[in-house]
Amino acid sequence: MKPIILDVDTGVDDSLAIAYAAHSPELRLLGLTTCFGNVSVEEATRNSLYVLEQLGREDVPVHAGAGKPFFRHNFKGYAKHVHGEDGLGGALGDAMPKGKAAPLGASRFMVEQARQLPGELTIIAVGPLTNLALAVMMDPDFASLVGRVVIMGGAVTVPGNVTGQAEANILSDPEAAEFVFRSGLPITMVGLDVTMKTLLPRSRLREWRDKDTKLSRFLADAADFYIDFYERANPGIGGCALHDPLAVGVVIDPTFCRTEEMHVQVDTEGLLSTGRTIADRRAKPAHPPNAKVCLEVDADRFLAHFMSRVV
Ligand code: RIB
Ligand code: CA
């Protein structure tokens, strides 16, 4: 079993990723760490606790992390139009989790786990990269102790999803993302290049509705809201992107995606392209690679696997 930490800004697709990870015997879910992003960090923590309770996984601790970006303290980018006022597509309703966040902060938890499991820990980061950047700052050995970091974020060959250039997780904290890409962490980037090809069609929600469990109804309600947004924003797309679940998927089975090694930088100052992930794709790039970038995905095989596990 691979020991993992899932760093989330819970969100609908984060919830699906949590369910997928929690139900995958290949993974040992050490804890969730939370960040601002789709919602505030307090809401992301509440939602994470709630999702774990729906999964019967109250044993998994939730460590709260960054409430704002590294430098841009006037962040106003919550994605409630995508994920709903509660971040769960309205599926939370009036409910509240019974549990509370663990006392240790997110970045400190990452640092401690990396020290306890040198070379073994995988961190799957599916929100802004602030917690990860703070962990790198906290411990000079962190980058060499972590076995692997899988980031859902960025776009190398396709447009952004918040601006024409930038993807949401990177744009939410471009300086943290740039710091992480420069850190020496062993990064796999699962960006929009592959996640926008990995769709959950509304028709598949029927399977969850037919199961008619509390969990399956909850996830179907949340996903319905999320699909509404995707269909408004991308007419004819035929479903919602499984961004965060795909990052979990490539840890379970790396053959879901084909990767290429590249040197990736984040534009932190662009007039029109702040938050853009820029890869040097020349035959002789100026710098050695700092990431394995996913460029192609076996979307059908991934979706079948995801559906077999999530509820
Ligand atoms: O751009 C998609 C990403 O932004 C996903 O991680 C989604 O949950 C949001 O955080
Ligand atoms: Ca997310």
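Ligand 1 sits in the largest pocket of this predicted model. A pocket is defined on a 1 Å grid over the protein atoms alone as an open set of points with protein on both sides within 12 Å along at least five of seven lines, and a molecule sits in one if more than half of its atoms lie within 2 Å of its grid points. Residues are numbered from 1 along each chain as its sequence is written. Local features need pLDDT of at least 70, and side-chain atom pairs count only at pLDDT 80 or more.

Around ligand 1 there are 13 residues, of which D13, N161, E167, N169 and D244 come nearest; a residue counts as near if one of its heavy atoms lies within 4 Å. Helix 1 (12-22), helix 7 (168-172) and helix 12 (243-252) each supply at least two residues of this shell. Helices are DSSP runs of H or I with at least four residues, and strands are runs of E with at least two.

Oxygen atoms of ligand 1 lie 2.4 Å from a side-chain N or O atom of E167, 2.9 Å from a polar side-chain atom of D9 and 2.9 Å from a backbone N or O atom of V126. Of the 280 Å² of accessible area that ligand 1 has on its own, the protein covers 96% (Shrake-Rupley method, 1.4 Å probe).

Strand 6 (residues 187-190) pairs in the parallel sense with strand 5 (residues 148-152) over four bridges, where pairing requires at least two DSSP bridges. M189 is the bridge partner of I151. Strand 6 also runs parallel to strand 11 (residues 291-297), with three bridges between them, and I187 is partnered by A291.

Key
Chains are lettered from A and ligands numbered from 1 in the order in which they are written. Side-chain values use heavy atoms; hydrogens and water are left out. A polar contact is a pair of N or O atoms within 3.5 Å; within protein, one must be able to donate a hydrogen and the other to accept it, and residues adjacent in sequence count only if both atoms are side-chain atoms. On a 1 Å grid over the protein atoms alone, a cavity is a set of points where a 1.4 Å probe fits but cannot get out, and a pocket is an open set with protein on both sides within 12 Å along at least five of seven lines; lining residues have an atom within 4 Å of a point.
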